[in-house]
Amino acid sequence: MKVLKGKHSGFCFGVKRAINMAFEIAAERRNGVVTLGPIIHNPQMTEKLRAAGIPHIEDISGLDDLNGVSTVIIRTHGIPQKDMETLNERGIEIIDATCPFVKKAQDYARLLNENGYMVVILGDREHPEVKGILSFAGEDATVVKDPSEYPNISGRIGIIVQTTKHMDDLKALLPVAIEGAKELRVFNTICNSTDMKLKETEDLASKVDIMLVVGGRNSANTTRIANLSRSLSVPTHHIETASEIKDEWFNGFNTVGVTAGASTPDWIIDDVTNRIKDIGG
Ligand code: SF4
């Protein structure tokens, strides 16, 4: 059985950077360090980091339940300004692993707000990245998941996009946004790492009989890749580890595509390709 692995599968630049920062701290100290939220949406990596002495707390209130936390690592998504202030007020050391691309989106939100634009963020309002960006965007800022939620606003409007959105989502919003705007300023803050993965998934899907998409079930990025693959009518399985693979999935198939979300470690992807090779000879 032939296995085609996506070149861009697995960790993106921002995740690699955050993981490296976390393990560097783990090598220096065994106690008193936590991440605010799981460092990435991958339970195996979260467990590995916990074993190295760095557990995570779900939110800032979790600090009250732990003794002796002196250092908090901020993950790639960033955090709202008020959480940053709380950490500073408590005298906690901050290791900021916010992805530089997310920081850019936060900076644009602040810039638009300071210059009198009403900010609209295209994204998922429950996503930590969006919550963080929103905190820089001013009181009248709003979040929309698609054009159907676009508010009835006019005047000077500024648009920021959640980094994991697709260009098609932004293109669909712009005709609606321009309607009432006297001035429309758009910052394309979409990260091309996601786009590259999606394009690669389309390419892989056209060459294989079956696709395995590897990554945490709670990873939006991995779920999106799996959904895209399914929409291309390729039998697709979203798995977290090689142990979920079933031999019968491959009956009658010759070529298997393997890809993975931005939060999937290489060792898990390698386990998956090795398991397929074991099954297929
Ligand atoms: S997907 Fe892009 S924005 Fe998000 S962490 Fe990775 S590099 Fe940064």
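Modeller: At least two residues of the lining of the largest pocket come from each of helix H1 (13–28), H4, helix H7 (192–205) and H8. The greatest contribution is that of H7, with 4 residues. Helices (H or I, at least four residues) and strands (E, at least two) are DSSP runs, numbered from the N terminus. The model is predicted, so local features need pLDDT of at least 70 and side-chain atom pairs count only at pLDDT 80 or more, whereas totals for chains, interfaces and linings use all residues. Residues are numbered from 1 along each chain as its sequence is written, and side-chain values use heavy atoms, with hydrogens and water left out.

The volume of the largest pocket is about 420 Å³. Its lining comprises 26 residues, of which Cys 12, Val 15, His 77, Thr 164 and Ala 262 are the closest to the centre. A pocket here is an open set of points, on a 1 Å grid over the protein atoms alone, where a 1.4 Å probe fits, with protein on both sides within 12 Å along at least five of seven lines; lining residues have an atom within 4 Å of a point. Grid points are joined across faces, edges and corners, and the volume is the space filled by probe spheres set on the points.

H8 (residues 220–231) also belongs to a right-handed β-α-β unit, together with S10 and S11. Right-handed means that, with the strands pointing away from the viewer, the path from the first strand over the helix to the second runs clockwise. Strands S10 (residues 210–214) and S11 (residues 236–239) run parallel and are joined by 4 bridges; two strands pair if DSSP finds at least two bridges between them. Within this pairing, Ile 239 in S11 stands opposite Val 214.

The model has 3 aromatic pairs, counted for rings of Phe, Tyr and Trp (its six-membered ring) with centres within 6.5 Å; planes under 30 degrees apart are stacked, over 60 edge-to-face and the rest tilted. One of them joins Tyr 108 and Phe 187, which are stacked at 3.9 Å centre to centre with 10° between the planes. This pair links distant parts of the chain, as Tyr 108 lies in H4 (residues 100–114) and Phe 187 in strand S9 (residues 181–187), 79 residues apart. Tyr 108 is partly exposed at 23% relative accessible area, while Phe 187 is buried at 13%. Buried means under 20%, exposed over 50% and partly exposed in between (1.4 Å probe, protein chains only).
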